[in-house]
Amino acid sequence: FAAFTREPRLLPPEYHPQRACPLLLVLPNVREKPAEALARWREQAAQHGYILAAPHWSEPLQERYHGQDEEQQRVLDVLADVRRRFQVDSDRTFLTGFDQSGTLAYDVALSHPDRFAGVAVFCASPGKLGRTYRGNAQYLPFYVVEGERSPNNTGENRDLFEFWVNRGFPSIYIEYTGRGLEFFPGEVPLVFDWFNRKRRAAALPETAVLLDQVAVALSRAGAS
């Protein structure tokens with residue numbers, strides 16, 4: 001791996017500027033150093049050939065995610081910057097967060113579902129945008145891990161997944177019995193296996209159908 005200035009980033013050993021690599025944005029928790037967040041993922045990322053980047057989204061003394069546009073925009077700015085600097089496979093760009101940064105991951109991904117191929121969330125509850133835009137997960141898979149006794153396990157994830165499962169949305173929910181608010185490192189290899197089978201949705205089928213219907217309607221109107 002090689003580290004870079006500004007936002008912390010790691011490149012896989014076989015990185016070459018002529019070949020696009022998948023990207024995983026790792027959102028540090030509040031009061032967590034980006035290097036600490038990256039350390040949880042770097043070994044598996046190296047094995048699977050992923051670029052890692054850890055956006056600075058919170059202030060030094062911040063205790064929680066506030067759901068502000070500025071916090072979300074910092075993540076999107078880093079995504080754009082990494083894409084400018086390195087050969088990133090835009091169809092294999094993923095996002096992950098833990099605790100407060102997991103809620104941020106929900107908000108960023110569900111409000112920008114066209115930017116990501118999948119999202120892994122650990123011990124976090126959906127934010128306001130997550131609840132508002134929950135329907136956007138129809139083509140954006142989520143891998144959610146929760147501890148039964150986590151203070152963030154308020155039932156919102158279960159409600160969210162009940163909505164998703166009943167509609168056939170492609171997501172996974174895992175709950176550890178008797179466990180609390182913690183990162184589950186044993187899930188990391190499984191998450192990468194899951195990432196490796198995901199690609200960003202090419203288009204929203206309903207949108208394509210709607211555009212076709214509009215085109216037909218306009219054609220008929222022109223012919224009459």
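## Overall make-up and confidence

The protein contains eight helices and seven strands, and 48% of its 224 residues count as buried. Its accessible surface comes to about 11,200 Å², and carbon and sulfur atoms account for 50% of that area. When contacts between residues at least 6 apart in sequence are considered, 72% of them join residues that are at least 24 apart.

The model is a prediction, and its pLDDT averages 88, with 87% of the residues scoring at least 70. Where pLDDT is low, the predicted coordinates should not be read in detail.

## The sheet

The seven strands form an open sheet whose order is β1-β3-β2-β4-β5-β6-β7, and the pairing within this sheet is mixed. Strands β1 (9–10) and β7 stand at the edges with a single partner strand each, so one side of each is left without a neighbour in the sheet. Strands of a sheet pair through backbone hydrogen bonds, either parallel or antiparallel.

## Helix α6 and its buried side

Helix α6 covers residues 156–166, and Asn-157, Leu-160, Phe-161, Phe-163 and Trp-164 are buried in it. These residues cover an arc of only 155° around the axis, which puts them on the same side of α6. An α-helix has 3.6 residues a turn, so residues three or four places apart point the same way. The face of α6 that is turned away from this buried side carries the exposed residues Val-165 and Asn-166.

The buried residues of α6 pack against two helices and two strands, namely α4 (100–111), α5 (128–132), β6 (142–147) and β7 (172–176). Helix α6 lies across β6 and β7, and it runs at about 150° to β7. Just after α6, Gly-168 takes a positive phi of about 75°.

Gln-44 has its place in helix α2 (residues 42–48). Gln-44 counts as buried because its relative accessibility is 15%, and buried means under 20%. Leaving aside residues up to four places away in sequence, Gln-44 touches Val-188, Pro-189 and Phe-192. The C-alpha atom of Gln-44 is separated by 9.7 Å from that of Val-191, although these two residues are 147 residues apart along the chain.

## Two loop residues with positive phi

Which loop holds Asp-99? Asp-99 lies in the loop between β4 and α4, and it has a positive phi of about 60° although it is not a glycine. With a relative accessibility of 11%, Asp-99 counts as buried.

Cys-123 is found in the loop between β5 and α5, where its positive phi is about 50°, although Cys-123 is not a glycine. At 0% relative accessibility, Cys-123 counts as buried.

Technical notes: Residues numbered from 1 in each chain as written. Predicted model: local features only at pLDDT ≥ 70, side-chain atom pairs only at ≥ 80, totals over all residues. Heavy atoms only, no water. Helix = DSSP H or I, 4+ residues; strand = E, 2+ residues; numbered from the N terminus. Buried < 20%, exposed > 50% of the residue type's maximum accessible area, 1.4 Å probe, protein only. Contact = heavy atoms within 4.5 Å. Areas by Shrake-Rupley, 256 points an atom, 1.4 Å probe, with all protein chains shown as cover. Arc of directions from axis to C-beta. pLDDT = per-residue confidence, 0-100. Pairing = 2+ DSSP bridges. Axes fitted to C-alpha atoms, helices over the stretch in contact; angles between N-to-C directions.
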